[in-house]
Amino acid sequence: MDSLIVRTATKTILPLLLMFAIFLFLRGHNEPGGGFIGGLVAAAAIILLAVSGGVRHAETVTTRQTAQRMMAVGLLLAWLTAVGPILWGKPLLYGYWPPGWEILGIGKLGTPLLFDLGVFFVVIGMTLLVVLQLVDRVEKR
Amino acid sequence: MLLPFIVLSGLIAAPFAPLVVRAAKTRAGWVIALLPALIVAYLAAQLPLVLTGQVIEAEWPWVPSLDLTLAFRLDGLGLLFALLISGIGTLIAIYGGSYLKGHPDLGRFFLYLLVFMAAMLGVVLSDNLLALFVFWEMTSISSYLLIGFNHDQEASRKGALKALLITGLGGLFMLAGFVLLGEMGGSYTISQLPTTLSTMPLYLPMLILVLIGAFTKSAQWPFHIWLPDAMQAPTPVSAYLHSATMVKAGVFLLARLSPVLADTPAWLYLVSGFGLITMVAGGILALKQSDLKAILAYTTIGWLGTLVMLLGWGGHYAVEAAMVGVLTHALYKGALFMLAGGIDHETGTRDIHLLGGLRRLMPVSAVLTAAAALSMAGIPLLLGFVAKELLLEAALHTGYPDWLGWLAVVAVVLASLLNVAIALRLSYGVFFGPERYPKREGYKLHDPYPAMLLGPAVLVVLSLLFGVWPGGLNGMIAQASGAVLGESLTVKLSLWHGINLALILSLTAIALGVGVYLVYGRVANGVNRVLRPTFNNAYEMTLAGMLSGAGRLTGKIQHGYLRYYLMVILVVGAAAVGQAMIRYAGTLFSRPDLGNIQAYEIMIGVLTITAIVMIARTDDRYTAIVLLGVVGALISLIFVLFSAPDLALTQLLIETLMVIVFLLVFHFLLRDFPDHTSTFDRKRDLLISLVVGAAAFGLVLLAINIPGDPTITDYFVANSYTEANGLNIVNVILVDFRSLDTLGEISVLAIAGVGIYALLRGK
């Protein structure tokens, strides 16, 4: 699909979509959203670039290599927040909420938010990696 | 309290072995040898304590809920074996460093070796049945890696696999036996097992299971077939594992459990019977071999049979003979293996037909081999003589009825004379007579390096020392035998017992052995003609059958047709729902309270059904995909209406991505659905669709009519904010209450992602 209108429009709304994804992720603990949904929105935004303008176009924002790294980093982050508490004698996946840490609009801050960030990255990375590669295969055909 | 560290030190040190090799280069063997040498020093320091009958114990909890503790216990029996393991381990590390000098994987070799040593120490010092099993399996795995060290050779890999399969399978039987033993005895601590086990109804099955473990590990007939193939291992490994340590683990286990399991007819006949057959079979099979290591392997099998037979007999003659026998065999067989490795290293062959008269070229090897062989043959002034005297004495004091007792004596004499003949062949045949060996251009044959002679020299000197002065072993053998018999006793070993029946039998065996050596060729041919590799063929056939069977089964189940996989999944799912529907048939159709149905809800329903009908009717794949997306969007609209915004968001996003992925994938397929599907296929697909649809409908009805457990929902509602500081229950469940599930899911997601990426990248 090669449409100038879509391509130009995507460029404009991409930052908005990405910001919306981060917004969804951050508010997740109290309002609809969260790492999984936020990750999907972010991935969908970049995939829109790929579908409208090709892999090259999308990879000006995120390359497949970056996607792969995001996935790895996300997984590592999630596992660290899961295993970390054991070092302090707490059970696996124990959630720690530093007293007094609170941000308006997000709510309290704690290790589950970091865990959710890991989910966020894994979802973006995995989705992008697979779909971009698929688009690439289609283009090379 | 140092004991657990001593046992586990090998495991701790193992990962550093490759670094040591990189740093110490050619001296790596000497550096690695420090660890077993330190263990020897520690054990030697405990010697005075243990010789006075004291026991050193230490315990670390591991999995208390399974009654699994790292309980270690150093008594006479454990000390004897631990000294052999660490002592010979020291010599092997030095020998191996020289034998494999410059090998690119030397670090890996030492890593495996240290793991193996730790596992072996764990086996002989554990006082907990389950921990003993864990260490036991660890020896199987590390020996698999060691036998297959030259993994680029098929024979190595096959030999390693054979050893692993046979000893590993035996280990599983043994585990079952251990569980029976622990449950019957009321404790998994070996030293606390009661002596009344033999009166319990499950005694015999338990005994058989444990014996299978011991017999497979100690290469008893008919499980002996793995040991000759394990000779594919580098010689240091054979010298360590297959002469002195691992194969003796089964013997050790029998000795360790003797106090609680022995003294029954079942034990007497089963253990001594298999031992006796193995003893004779090992000797006879050794005759027809021509490879130095194969000869040593079969004589090892024979001697392991002897030890098992002795422990089967029980009583203090036999047990003392077994303990001296363990020591004797480790000393001479370890030496012979290392010397054979030296000969192989120098001449490039182990075929005894190609070797002869090497005494002038390799004088030190010749002397050491001769001394070790004399011990093997049981000639006075070497420890082998003492061991054979005890063995014959024990054979004259079995618990057998008279006729069987005499048969046992004959068998022992037969095995002894075969040992004499083979010992002559190994020493006289290789080092005397006309000089012959495969010549290599510009290479002058010489003795191996000192590092490769040190090990055999130390072992031979010990053989000689205790051969001349057997009294020096009195205390050690008394404590070891005492632990086996479960009573304290005093032992008086001596070189000269006066002229008695045992001595006469011993001299007869030597004379007959020399006679057999003189007609060796004809005997070996005779054996060759009569014996066929029955059990090896059975093993090969079983293995091949299992592999091809597994292949056929996999081919049937994993056929690679996506549509059939889907059909199976859907139909099984529908069947599962179906049986639930039958169970709740009564409540299923009681009209549920659906509340007020709104007009727009009906509109969504009509739209959805229209889209579905269109999907079924269209011939164009792209239309079908887009319509599927429409269905998904409509469903997410339903979620919105029933106030499940998280669900709706997720559904909408997934639908969007799915349409994109489908479109991309279908790019590779024909745009139109193929219309060559037969009417049968169409009817079948329709039927499956109807069944699955009915099941899904039933599931919804069930969900409405059968209320779920409200406590779960209430719990999350009540605790979401107080416990997890979040108001969005769905997300709190995902990242906090049930975050373990999420962790698993994203891990699978990442693995799947990498997998798909790899598949797509391929051609």
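Which residues of α19(B) are buried? They are B:Met476, B:Ile477, B:Ala478, B:Gln479, B:Ala480, B:Ser481, B:Gly482, B:Ala483, B:Val484 and B:Leu485. Here a residue is buried if 20 or more other C-beta atoms, placed from the backbone, lie within 10 Å of its own; with 12 or fewer it is exposed, and in between partly exposed. This is a predicted model, in which local features need pLDDT of at least 70 and side-chain atom pairs count only at pLDDT 80 or more, while totals for chains, interfaces and linings use all residues. Residues are numbered from 1 along each chain as its sequence is written, and chains are lettered from A and ligands numbered from 1 in the order in which they are written.

**Helix α19 of chain B**

- Helices (H or I, at least four residues) and strands (E, at least two) are DSSP runs, numbered from the N terminus.
- Helix α19 of chain B covers residues 474-485, and its 12 residues should span 16 Å at 1.5 Å a residue; the expected span is 1.5 Å times one less than the number of residues.
- The end C-alpha atoms of α19(B) are 16 Å apart, which agrees with that span.
- Of the 12 residues of α19(B), 10 are buried, so the helix is mostly covered.
- The cover over these buried residues includes α3 (28-51), α4 (76-99), α11 (248-261) and α14 of chain B.
- After α19(B) comes B:Gly486, with a positive phi near 75°.

**Nonpolar cores**

- A nonpolar core is a set of buried Ala, Val, Leu, Ile, Met, Phe, Trp, Tyr and Cys residues joined through C-beta atoms within 7 Å.
- The largest such core has 205 residues, and B:Leu80 and B:Leu114 have the most contacts inside it.
- Helix α14 (residues 315-347) of chain B gives the most to this core, 19 residues.
- Another core, of 59 residues, lies apart from it and has among its members A:Ala44, A:Val51, A:Leu134 and B:Leu652.
- Two residues are in contact if their C-beta atoms, placed from the backbone, lie within 7 Å.
- Leaving aside neighbours within four places in sequence, B:Leu80 is in contact with B:Met323, B:Val326, B:Leu327, B:Met476 and B:Ala480.

**B:Leu453**

- B:Leu453 sits in helix α18 (residues 450-468) of chain B.
- B:Leu453 is buried because 20 other C-beta atoms lie within 10 Å.
- Beyond its neighbours within four places in sequence, B:Leu453 is in contact with B:Val364, B:Leu368, B:Asp447 and B:Pro448.
- B:Leu339 is 114 residues from B:Leu453 in sequence, yet their C-alpha atoms are 7.5 Å apart.

- Chain A has 4 helices and 2 strands, in the order α-α-α-β-β-α from the N terminus.
- The C-alpha atoms of chain A fill a box of roughly 55 × 30 × 20 Å along the principal axes.
- Of the 141 residues of chain A, 48% count as buried.
- Contacts link 38 residues of chain A with 35 residues of chain B.
- On the side of chain A that touches chain B, α4(A) supplies the largest share, 15 residues.
- By class, this side of chain A has 25 nonpolar, 9 polar and 4 charged residues; Ala, Val, Leu, Ile, Met, Phe, Trp, Tyr, Cys and Pro count as nonpolar, Asp, Glu, Lys and Arg as charged, and the others, Gly among them, as polar.
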